[in-house]
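Subject: Structure handover

Hi,

Here is the structure we talked about. Please load it first, then read the notes below.

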Amino acid sequence: NNLIGKLPINIWIQLSDLIMLMLDHNKLVGTIPNELCNLTALESLSMGNNYLTGVIPDCIGKLTKLKNLLLNNLGLSGKIPSGMCSLELLKLDNNNLVGGIPSCLNSIIELHLERNLLSSNATQICSMQSLRFLYLQENRFTGKFPIEDCPLGTLESVDISVNNFSEVYIPLEMEKLRFFTANTNNISIMSWENLIDLDISFVD
């Protein structure tokens with residue numbers, strides 16, 4: 001499509017039974033309206049690859065049926081809202097988001113937060129016991145990855161490159177992990193017996 005302009009405000013209350021809304025790869029501008037949160041039956045929302053700016057509405061966390069949220073390649077700023085407990089796929093890559101990883105992503109399977117301004121540590125991933133694909137590269141995360149005694153046995157692919165992690169452990173319990181990228185950090189690798197692709201190079 002080639003939709004141009006701002007998102008309307010007044011139509012969303014009439015679409016409360018909508019399950020899927022795909023508006024990606026258009027020329028939409030402006031901000032994400034709070035009125036989208038009237039779509040209480042929504043399971044998939046995709047608005048990536050537009051020219052939207054502003055913050056992610058906090059009320060997104062009230063869409064309890066939402067499983068897929070794709071807001072990648074926009075100009076979003078501010079923090080990632082908490083309360084998005086039902087999500088299985090979250091793509092927020094290539095924005096200007098700050099803060100840390102939100103809590104309550106307990107059902108998440110695939111998480112894309114790469115190329116933002118996110119910081120602090122990554123302790124929240126310890127509650128993501130269904131997580132298979134994790135992409136945090138080109139942020140400002142610090143500390144250890146993962147936190148010790150963190151049950152992440154479902155992980156298959158991880159990229160935490162270009163951050164400020166100080167220690168990285170790949171315990172044998174991560175038996176499904178095959179692809180791991182952590183270049184341009186200050187790290188020590190303790191174990192990686194199951195990997196088939198490991199990148200810990202440093203690029204200045």
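K79 stands opposite V98 in β9.

First, the ground rules. This is a predicted model, in which local features need pLDDT of at least 70, side-chain atom pairs count only at pLDDT 80 or more, and totals for chains, interfaces and linings use all residues. Residues are numbered from 1 along each chain as its sequence is written, and side-chain values use heavy atoms, with hydrogens and water left out.

**The sheet**

The protein has 16 strands and 0 helices. Both are DSSP runs numbered from the N terminus: helices are H or I with at least four residues, strands are E with at least two. Two strands pair if DSSP finds at least two bridges between them.

Now β7 (residues 75-79). It is joined to β9 by 3 bridges, and the two run parallel.

**N50**

Look next at the loop between β4 (44-46) and β5 (51-54), where N50 lies. Is N50 buried or exposed? N50 is buried, because its relative accessible area is 5% (buried is under 20%, exposed over 50%, partly exposed in between; 1.4 Å probe, protein chains only).

The side chain of N50 has polar atoms placed against two backbones. One lies 3.1 Å from the backbone nitrogen of N26. The backbone oxygen of M47 is 3.0 Å from a polar atom of that N50 side chain. A polar contact is a pair of N or O atoms within 3.5 Å; within protein, one must be able to donate a hydrogen and the other to accept it, and residues adjacent in sequence count only if both atoms are side-chain atoms.

Leaving out residues up to four places away in sequence, N50 touches several others, among them L23, D24, H25, N73 and L74. Contact means heavy atoms within 4.5 Å.

**Whole protein**

Of the 204 residues in the protein, 46% are buried.

Best wishes
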